[in-house]
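Me: I'd like to go through this structure with you, one question at a time. Can we start with a single residue and then zoom out?

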Amino acid sequence: MTLRELSARLMVVVGASGAGKDSVIAAWLASIDEAVRPHRARRTSTRPAHDASEDHEPVDATRFESLRAARAFAFHWDAHGLRYGVRHAALAPLVEGRWVVVNGSRAHLAALRAVAPGARVVEIDAPAAM
């Protein structure tokens, strides 16, 4: 089956940078029994390895472009001067009938919908810092 066919079990969490998407995802997943807990797709990113704001696979821009050219990503996007991708393997639990959740991008939902039209989108909204 393809991502297009399996996308109804894909949940993409979006929101402004710094809105707490990773924190909300982590807390939500921790509250769900492990037997039915959705899989959290790990992103590949040009974000530095020492950035502890999320668990990701850090790569440099050259490696990212090599992976993109080799079609390693189910989908990818650029945001805030960084590049992000979700590898096909990170979405493999969809084939098993499991839900998958990923931290995504509002600005690239149209591109995501092109490959995963059934994806569910959850937007995290937080007030601007005072």
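Me: How many Å is the backbone oxygen of Arg-47 from a polar atom of the side chain of His-56?

Reply: This is a predicted model, where local features need pLDDT of at least 70, side-chain atom pairs count only at pLDDT 80 or more, and totals for chains, interfaces and linings use all residues. Residues are numbered from 1 along each chain as its sequence is written, and side-chain values use heavy atoms, leaving out hydrogens and water. Between the backbone oxygen of Arg-47 and that side-chain atom of His-56, the distance is 3.0 Å.

Me: Is His-56 buried or exposed?

Reply: His-56 sits in strand S4, residues 56-58 (a strand is a DSSP run of E, at least two residues, numbered from the N terminus). Buried means under 20% relative accessible area, exposed over 50%, and partly exposed in between, with a 1.4 Å probe and protein chains only. His-56 has 4% relative accessibility, so it counts as buried.

Me: What share of the 130 residues is buried?

Reply: Let's look at the whole protein now. Its C-alpha trace spans about 40 × 35 × 25 Å along the principal axes. Of the 130 residues, the buried share is 40%.

Key. Helix = DSSP H or I, 4+ residues; strand = E, 2+ residues; numbered from the N terminus. Polar contact = N/O pair within 3.5 Å; in protein donor to acceptor, adjacent residues only side chain to side chain.
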